Amino acid sequence: MGWREQREVDFPRGVRFYPLDRGFGPQIHVQGGLSCARMDKKLSFNLNLFQELQVGDEKIHVIVSDGYRGARHPLARDLCMYRLGLFNMYLSDAFCTGNLKRSIESLFRRVKQGTQNRIQELMQVEKDERDWEKEDDEVESIHTIREDEWLPEMHSTVIAVKGNVVAVGGPGAFVVALVGSQGLKWLTPEDAGNVNVVEATKQPRDLFIVATLSLKKLAAHAIEEASRGDVVQTAEALSVLDPADKDSTVLVISTPLDPALAKSTCSPD
């Protein structure tokens, strides 16, 4: 296969949300007591992955948000899809210890290395095609892709929930907030040029909000007021309020109230 045909590999585990063509209605996912609703506007570059892990006697819910917003290279989208597959593939091994902070840091390292390896593979295939005089001048070379167009710490955000303990790794290209009885709390890691992890404790009925950066322009009281309903109602209300008119994704997550009562189901879209 040529290098353009070797861009994607399908990793079957996990449940994924892809952008809807026109942003019609919410996408819904329910698993093990975790309830999620996602709303997109006209145009979205964003992907989500959900996995429930069993580590010893404990369940860990992991949500990955990824995208390629702001990337100009035509292969950025394909590498984003590949990167999400790497997150999917490495989750179980990275979280085997149960320590959320170290697990997220390990996960980012593995995904970064895997993406680097993929780029090197594509460079070699492109070189071979040129040696065989099969170069296509209409396709931009993989050699011109910049680091800020594929690095996971610049595009990927990971949330891990174990009981009432939360860890968020990134910063990626998303903002993360916890909203509930104690008001609004931003959990977005600071951008220091590398992966950072923020840890927090959640209350039983708190909602997670994961959204594109424009949502942080809203006043805290507006977000709190819009978050009084269930996950679907909250996602719809925040999507309307989001000042971004195109690249807007709002993901709202409710975590299990009681792990002993959690059942694993998947609702239709």
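Tutor: On a 1 Å grid over the protein atoms alone, a pocket is an open set of points where a 1.4 Å probe fits, with protein on both sides within 12 Å along at least five of seven lines; lining residues have an atom within 4 Å of a point. A volume is the space filled by probe spheres set on the points, which are joined across faces, edges and corners. The model is predicted: local features need pLDDT of at least 70, side-chain atom pairs count only at pLDDT 80 or more, and totals for chains, interfaces and linings use all residues. Residues are numbered from 1 along each chain as its sequence is written, and side-chain values use heavy atoms, without hydrogens and water.

Student: What volume does the largest pocket have, and which residues lie nearest its centre?

Tutor: The volume of the largest pocket is about 370 Å³. Its lining comprises 24 residues, with Met-154, Pro-171, Gly-172, Ala-173 and Asp-191 nearest the centre. Helix H3 (152-155) gives the largest share, 3 residues; helices (H or I, at least four residues) and strands (E, at least two) are DSSP runs, numbered from the N terminus.

Student: Which residues of helix H5 are buried?

Tutor: Buried means under 20% relative accessible area (1.4 Å probe, protein chains only). In H5 (residues 231-241), Val-231, Thr-234, Ala-235, Leu-238 and Ser-239 are buried. They lie on the same side of H5 because they cover an arc of only 130 degrees around the axis, taken from the directions from the helix axis to the C-beta atoms.

Notes. Buried < 20%, exposed > 50% of the residue type's maximum accessible area, 1.4 Å probe, protein only.
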